[in-house]
Amino acid sequence: MNGGDDIGNEDGQLLLTELERDALTEVINIGVSRAAKNLSRMVKDQVHLSVPRTEIMTRDRAVEWLSRRENSSLVAVGQDFRGSFSGQALLIFPQKTSLELVRSILDDTLSLEEIVDLEQEALAEIGNVVLNGCLVVMANMLKESLNMSLPRVMRGSSQVVLLGADEEDPGEMVLFLTIDFAVRARSINGYIALLMDLPSITAIKTLIRRYLRGLEET
Amino acid sequence: MTRTVLVVDDSKLARMVVKSILSKTRADWRVVEAAGPTEALDLLGREAADIALIDFNMPEHDGLWLAAEIRAGNTDMPIAILSANAQDAILAKARELDAAFVEKPLSEEALAAFLSGAALKLRRAGK
């Protein structure tokens, strides 16, 4: 899950070397792939994943990127993680596919009213399974423990979803990683996204170097 | 007997992990690498490999596509798909292609077990 040049911030300062970015992307890719397996069991259909995209950009640019791809209202399940590296993991999809996603994991015999009633809870559960699955694999591979918040469901524009109610600084540089997912049989599509701030990137750089050293020493 | 293992993964890290396990468990085997399906097919056009270890999620074509391409010209080559994406549909497609599935993150035990089976299969096929 790699390719391209080294990535850096807007001043051109390199933050991750090509191999470090490759390693980070592969670790996250393994996590997301494991999460896709969990999601696939829940929706009883194959979940297709794209290869991950990793970029360092401002939160504003991340919002712009998502708005260009999805101009309708969005639903997102978000989970914060804290440890030697911290950030936010998100499962994002267009509002119009939210009910179909919920329907796919619930009993077929439920009425639309019952499904609407359960929507919030079911979305949080889907988010929990997918995002936890991804973060646990990442933490284990890097031999770090992460504390994860409870999932929260957000609705609105890409700004609401990515900047959150806390109104994070839109100019802050973050590592923004996204993977498209789709359950084609049910016309469900969405994104798994990870946002990490610069101190976390520095921390993860150290962990990845340790991980790579471990491989070289064997 | 020395074997040549083709490792196909777009992640250099993932290829490093495979090579590190191979150097511990099959130090005398040769490893050839490709960063994607097209490069792998080009490489196989130039030199022979006995065993293929293929990542699933790659740009352009996925690992099952490559496994099918290899299988079309070689019915005996032991092939393993390496991925954390162990969805039933993907496992079923791997089985159809007579390819094993080894879950990432890779463990030495899981990969070594596949390689032992692969070596046995090649010997039985008189290769």
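This is a predicted model: local features need pLDDT of at least 70, side-chain atom pairs count only at pLDDT 80 or more; totals for chains, interfaces and linings use all residues.
Helices here are DSSP runs of H or I with at least four residues, strands are runs of E with at least two, and both are numbered from the N terminus. With that in place, let me start from Thr97(A), which is found in helix H3 of chain A, residues 95-105. Residues are numbered from 1 along each chain as its sequence is written, and chains are lettered from A and ligands numbered from 1 in the order in which they are written.

Leaving aside neighbours within four places in sequence, Thr97(A) is in contact with Ser187(A), Ile188(A) and Asn189(A), where contact means that the C-beta atoms, placed from the backbone, lie within 7 Å. Glu20(A), by comparison, is 77 residues from Thr97(A) in sequence and 35 Å from it in space, C-alpha to C-alpha.

The axes of H1(A) and helix H6 of chain A, residues 198-217, come within 10 Å and cross at roughly 90°, the axes being lines fitted to C-alpha atoms over the stretch in contact, with angles from 0 to 180 degrees between N-to-C directions. The two helices are therefore roughly perpendicular, a term that covers 65 to 115 degrees, whereas angles under 35 count as roughly parallel, over 145 as roughly antiparallel and the rest as oblique.

Now to the interface, where 23 residues of chain A are in contact with 20 residues of chain B. Helices H1 (18-43) and H4 (112-141) of chain A each supply at least two residues of the side that touches chain B, and the largest share, twelve residues, comes from H1(A).

What about the largest nonpolar core? A nonpolar core is a set of buried Ala, Val, Leu, Ile, Met, Phe, Trp, Tyr and Cys residues joined through C-beta atoms within 7 Å. Of the 96 residues in the largest one, Cys134(A) and Ala52(B) touch the most other members, and H4(A) gives the most to this core, with ten residues. Not counting residues up to four places away in sequence, Ala52(B) touches Leu6(B), Val8(B), Ile70(B), Met77(B) and Ile79(B).

Finally, some backbone details. The peptide bond from Lys104(B) to Pro105(B) is cis, with omega near -5°, and Pro105(B) lies in the loop between strand E5 (99-103) and H5 of chain B. Lys44(A), in the loop between H1 and strand E3 (48-49) of chain A, has a phi near 60°, a positive value in a residue other than glycine, and with 12 C-beta neighbours inside 10 Å Lys44(A) counts as exposed. Glu60(B), in the loop between strand E3 (51-55) and helix H3 (63-73) of chain B, has a positive phi of about 70° although it is not a glycine, and Glu60(B) also counts as exposed, with 11 C-beta neighbours inside 10 Å.

Notes. Two residues are in contact if their C-beta atoms, placed from the backbone, lie within 7 Å. A residue is buried if 20 or more other C-beta atoms lie within 10 Å of its own, exposed if 12 or fewer, and partly exposed in between; C-beta atoms are placed from the backbone.
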